[in-house]
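Here's a walk through one model, piece by piece. Keep the structure open while you read, and pick out the residues as they come up.

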Amino acid sequence: AKPVASSAPAKPAASASPDWQQTVEAAKKEGTVAVFGPDGTDMHDVLTAPFEKEFGIKVEYVGDPGPGVPPRINAERAAGKYLWDVVVAGTSTGLTALIPGKVLDPMEPALILPDVKDPKTWRGGAMEFLDPDREMLVMSPFQRGTLFINPKLAKSEDFKTYKDLLDPKWRGKVVLDDPRKSGPGQATFTFFYLQPDLGPTFIKALGQQQLTVVKDFQQEVDMVGQGRLPVLLGGADFVVAARARQGVPIEVVDPRGIKEGSDVSPANGAVALVNKQPHPNAAKVYLNWLLSKDEQTAFAKVNGYISARVDVPTDHAPAWRVPQPGAIKTYDSQAIAVRGKVLAAAEDALGK
């Protein structure tokens with residue numbers, strides 16, 4: 001299949017590069033690229049169809065929320081099988097398993113397209129790698145929503161700081177996503193822990209507020225949407241957004257109006273190149289394509305995320321999603337390093 005013509009300005013310059021042309025030709029001979037990515041039809045479609053259409057190379061795609069990827073790769077490798085080229089996953093999977101498991105390659109040698117390699121293309125003037133060997137790249141850093149209300153029962157201006165949650169009037173009226181398991185509640189408590197004005201003291205005080213702790217994202221949002229409780233802390237903001245679109249009375253408290261703001265996370269928007277790839281050229285082509293303006297635009301739109309590329313529009317997402325400079329990151333090695341302490345603080349506040 002012939003590559004489809006594109007209006008993106010980077011393509012003509014890229015196609016003039018003999019290195020790129022040779023890699024694409026070699027990739028077409030390989031015919032396939034094997035990708036582990038997030039589950040869900042939307043994610044599958046955006047990470048396969050446009051690539052197959054443009055290059056005529058088949059994407060063998062397996063969707064997994066992340067935790068299933070490392071055990072599968074390790075089991076296959078123990079049997080002498082090297083089946084994967086690229087992984088798109090969350091940073092926890094990378095930092096706790098893929099990077100320490102030594103199954104990734106440094107990424108920069110695989111980058112070919114000039115605009116992808118140009119530091120000015122990326123937020124903060126550089127690509128953001130998670131590790132010193134530059135094996136996992138953050139593609140979609142966005143500001144998280146952490147505090148949600150039923151506007152019939154509470155007002156955004158009630159919360160100028162997270163310490164307002166300690167007001168006696170909110171006692172027994174807050175639903176919390178359980179921070180003792182992975183998820184947005186744990187990310188929120190990690191943010192509280194790392195926030196110098198909040199920290200473990202605030203987490204402890206919050207535990208005195210008779211919180212209703214729930215493990216199910218949908219249930220948490222429904223409890224607030226149905227008016228059983230007015231406030232949700234640490235909920236899954238994508239579930240909130242979906243419910244709000246259906247007309248459920250639930251909304252995010254804009255983090256820009258809260259003194260401590262909120263944390264930044266890429267969710268499952270990090271990418272890595274698996275080492276000993278079965279399709280080394282197709283892996284390079286896929287990686288460069290994934291980091292191109294067109295595909296980053298499509299990927300961000302499907303997720304409601306913000307691309308780390310500065311030239312990708314952000315108008316598909318609410319303005320508060322755009323990362324604030326200096327915001328606390330709850331996905332990097334520092335956040336992973338304090339996870340045990342966050343868990344201990346959560347158990348101290350809420351019980352085991």
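This is a predicted model: local features need pLDDT of at least 70, side-chain atom pairs count only at pLDDT 80 or more; totals for chains, interfaces and linings use all residues.

## L165, in a loop

Now look at the loop between β7 and β8, where you'll find L165. Is L165 buried or exposed? Its relative accessible area is 1%, so L165 counts as buried.

What does L165 touch? Leaving aside residues up to four places away in sequence, the contacts are L147, F159, W170, V174, L206, Q209, V231 and L233. Take L147 from that list: L165 and L147 sit 18 residues apart in sequence, and their C-alpha atoms are 10.0 Å apart in space.

## Two nonpolar cores

The largest nonpolar core has 42 residues, and F51, V271, Y286 and L291 touch the most other members. Elements giving two or more residues to this core include α2 (18-30), β1 (32-37), β13 (270-274) and α12 (280-290). The largest share comes from α12, with seven residues.

Not counting residues up to four places away in sequence, V271 touches V86, V87, V88, M107, E135, M136, L137, M139, L287, L290 and L291. Apart from this core lies another one, of 29 residues, with I149, L194, V342 and A346 among them.

## Where α8 meets α15

How do helices α8 (residues 184-194) and α15 (residues 339-350) cross? Their axes come within 10 Å and cross at roughly 100°. An angle of 65 to 115 degrees counts as roughly perpendicular, so that is how α8 and α15 lie to each other.

On the α8 side, the contact is made by Q186, F189, T190 and Y193. From α15 come R339, K341, V342, L343, A345, A346 and L350. Sorted by class, the contact has seven nonpolar, two polar and two charged residues.

Conventions:
Residues are numbered from 1 along each chain as its sequence is written. Side-chain values use heavy atoms; hydrogens and water are left out. A nonpolar core is a set of buried Ala, Val, Leu, Ile, Met, Phe, Trp, Tyr and Cys residues joined through side-chain atoms within 4.5 Å. Buried means under 20% relative accessible area, exposed over 50%, partly exposed in between (1.4 Å probe, protein chains only). Helices (H or I, at least four residues) and strands (E, at least two) are DSSP runs, numbered from the N terminus. Contact means heavy atoms within 4.5 Å. Axes are lines fitted to C-alpha atoms, for helices over the stretch in contact, and angles run from 0 to 180 degrees between N-to-C directions. Angles under 35 degrees count as roughly parallel, over 145 as roughly antiparallel, 65 to 115 as roughly perpendicular and the rest as oblique. Ala, Val, Leu, Ile, Met, Phe, Trp, Tyr, Cys and Pro count as nonpolar, Asp, Glu, Lys and Arg as charged, and the others, Gly among them, as polar.
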